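Let's take a walk through this protein together.

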Amino acid sequence: MKDQKPDQLRRLLVKAPLLVPLLTTLPAAAKEKLLSSFIGNQSTDTPPIAGKTLLLKNADVVVTMDKDRREIKQGCIFIKGNTIVAVGTESEVPQTADRVIDLKGHIVIPGLINTHHHMYQTLTRVVPAAQDVELFNWLTALYPTWEKLTPEMMKVATKTAMAELMLSGCTTSSDHQYVYPNGIRLEHSIEAAQEMGMRFHACRGSMSLGKKQGGLPPDSIVEDEKFILKDTQRVIEQFHDAERGAMIRIVVAPCSPFSVSEGLMRDSAKLARAHGVSLHTHLAENISDINFSKKTFNKTPAQYVEDLEWVGHDVWHAHCVKLDDYGIKLFARTGTGVAYCPCSNMRLGSGIAPVRHMLDAGIQVGLGVDGSASNDSSDMMAEVRQALLLQRVGFGPEALTSREALEIATLGGAKNLNRDDIGALAPGMMADIAVFSLEGIGLAGAQHDPVSALVFCNPGKVAYNIINGRIVVEDGKVTTVDVPVIIEQHNRLSYQLVEG
Ligand SMILES: [Zn+2]
């Protein structure tokens with residue numbers, strides 16, 4: 001078990017700052033005695049227990065997203081270790097377990113899967129110069145601040161974003177990390193995910209095309225291409241787990257066509273395919289992006305990625321707001337995925353991704369909150385609602401149903417990440433489960449269709465979140481880290497970064 005004392009001390013000092021002078025003068029043993037009298041010796045660590053059983057019973061409805069899309073009233077789920085063993089009504093599921101949780105008054109869904117994020121951006125929410133600008137100006141306003149990021153900031157921001165995601169029902173997240181100043185490495189994000197207990201697809205992002213070479217980012221923030229490829233290979237070899245049920249996977253993810261060279265895109269695809277890992281980047285995000293592509297490559301974004309062989313089941317692209325008909329057919333034919341990021345697209349005024357057309361064409365669409373500097377939230381359930389609403393703004397009231405929106409955020413995400421072990425509640429799937437109360441103020445009067453209520457209304461934060469069989473949120477509280485301590489650290493570092 002990890003040492004709790006530094007966290008306990010910080011938490012105590014936030015709550016009782018007058019103790020600071022006293023604690024600094026005390027000898028270590030006396031300090032410890034004083035601390036335990038205030039805090040006790042309770043642990044916030046709840047490791048998963050192999051072979052132990054957990055029964056969730058009596059839920060008002062269990063939304064399975066299984067092949068028949070069953071919605072089971074008075075539903076039960078029986079879990080052994082990290083795997084779901086049985087899903088059904090009381091008579092279909094064993095009724096004794098090491099731990100039993102009665103979920104009367106709750107709805108249970110597969111854990112939500114976030115397929116696009118930049119977690120470090122949690123430190124740079126609502127930066128005034130980047131509040132009211134489109135993508136390219138937004139980026140150029142923020143690059144100089146991101147250049148000052150440190151490893152500590154990266155870890156704390158990742159934990160902050162993950163805590164918010166977990167409280168909103170998310171159990172698996174990708175993170176597209178493409179800035180590496182001041183000794184930052186991908187393992188700073190990975191270590192944060194391990195501490196939080198989140199299933200994590202860490203995208204080794206990169207930027208190599210500085211202003212001097214016709215790219216958008218300043219030269220001081222880009223990396224050398226040989227180093228990028230070497231470091232990407234290193235993290236694949238060190239951290240990528242290809243096994244079913246993996247908690248950590250690596251993704252090869254140059255940032256965007258306007259921040260890396262064509263050569264790096266090609267070499268990245270070769271590297272990823274040599275190791276059987278996925279590929280991810282930003283594509284066709286707004287009109288400036290399209291103009292850059294036509295001017296620089298004399299190709300549309302779809303033609304560009306087709307020529308680079310950045311299409312296939314192992315590739316998913318973020319945004320695709322301006323993906324044309326040729327691109328939609330290409331992606332459908334090749335099994336290429338799309339991460340739909342409605343809040344970010346609205347926030348930056350990028351436009352409305354043609355998700356209805358993509359689904360009709362057979363494209364696998366997932367959902368992403370995108371970075372916290374262009375959302376400015378990491379709330380997956382709120383994103384499901386916006387996914388539905390924005391499609392209706394663009395394509396009418398029948399453009400997306402509540403159940404389709406939920407499917408995008410679960411099964412769609414799993415497909416994007418090339419996984420068949422998450423996204424549904426069925427025997428043999430990993431035990432990744434989100435539980436919301438149906439009794440809160442936001443759902444009052446919507447009990448006749450609790451599944452739609454979850455999407456159309458505001459269900460608030462989860463009651464429980466279970467990842468890999470481990471309860472990471474219980475009674476609305478994150479069990480793996482002390483959230484008030486993380487918030488205090490995060491706010492201090494954010495001031496330091498943005499105002500410093
Ligand atoms: Zn993004």
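The buried residues of helix 7 pack against helix 6 (186-196), strand 8 (199-206), strand 9 (248-254) and helix 8 (262-275). Please keep in mind throughout that you are looking at a predicted model. Which residues of helix 7 are buried? They are Ile-228, Leu-229, Asp-231, Thr-232, Val-235, Ile-236 and Phe-239.

Helix 7 itself covers residues 225-239, which makes 15 residues. From its first C-alpha to its last, helix 7 reaches 21 Å, close to the 21 Å expected at 1.5 Å a residue. Look also at the start of helix 7, where Asp-224 has a side-chain oxygen within 3.2 Å of the backbone nitrogen of Lys-226.

Now move on to helix 5, which spans residues 151-167 and holds Thr-160. Is Thr-160 buried or exposed? Thr-160 counts as buried because its relative accessible area is 11%, and the cut-off for buried is under 20%. Setting aside neighbours within four places in sequence, you will find Thr-160 in contact with Thr-122, Ile-486 and His-490.

Another residue to look at is Asp-482, in the loop between strand 17 (477-478) and helix 17 (483-499). With a relative accessibility of 13%, Asp-482 is also a buried residue. Along the chain, Asp-482 and Ala-163 are 319 residues apart, while their C-alpha atoms are separated by 9.7 Å.

Next, find the loop between helix 4 and helix 5, where Lys-148 has its place. Lys-148 is partly exposed, at 36% relative accessibility. Which residues does Lys-148 touch, not counting those up to four places away in sequence? They are Met-153, Asn-182, Leu-497 and Gly-500.

How many cavities of 30 Å³ or more does the structure hold? There are five, and the largest cavity has a volume of about 120 Å³. It is lined by 16 residues, and those closest to its centre are Leu-135, Leu-139, Tyr-178, His-282 and Glu-285. Helix 4 (residues 135-146) gives the largest share of this lining, with three residues. By class, the lining of the largest cavity divides into seven nonpolar, seven polar and two charged residues.

The largest pocket has a volume of about 480 Å³. Its lining consists of 31 residues, and nearest its centre lie Gln-364, Leu-411, Gly-412, Ala-414 and Lys-415. Strand 11 (315-319), helix 13 (355-361) and helix 15 (402-416) are the elements that give two or more residues to this lining. Which of them supplies the largest share? It is helix 15, with eight residues. Sorted by class, the pocket lining has twelve nonpolar, nine polar and ten charged residues.

The peptide bond from Asn-375 to Asp-376 is cis, with omega near 0 degrees. You can find Asp-376 in the loop between strand 13 (365-367) and helix 14 (380-395). Asn-58, in strand 1 (residues 53-63), has a positive phi of about 65 degrees although it is not a glycine. With a relative accessible area of 22%, Asn-58 is partly exposed. Val-126 is another residue other than glycine with a positive phi, in this case near 40 degrees. Look for Val-126 in the loop between strand 6 (112-114) and helix 4.

Methods. Residues numbered from 1 in each chain as written. Predicted model: local features only at pLDDT ≥ 70, side-chain atom pairs only at ≥ 80, totals over all residues. Heavy atoms only, no water. 1 Å grid on protein atoms, 1.4 Å probe; cavity = no way out; pocket = protein on both sides within 12 Å on 5 of 7 lines; lining within 4 Å. Points joined across faces, edges and corners; volume = space filled by probe spheres on them. Helix = DSSP H or I, 4+ residues; strand = E, 2+ residues; numbered from the N terminus. Nonpolar A, V, L, I, M, F, W, Y, C, P; charged D, E, K, R; others polar. Expected span 1.5 Å × (residues − 1). Buried < 20%, exposed > 50% of the residue type's maximum accessible area, 1.4 Å probe, protein only. Contact = heavy atoms within 4.5 Å. Polar contact = N/O pair within 3.5 Å; in protein donor to acceptor, adjacent residues only side chain to side chain.
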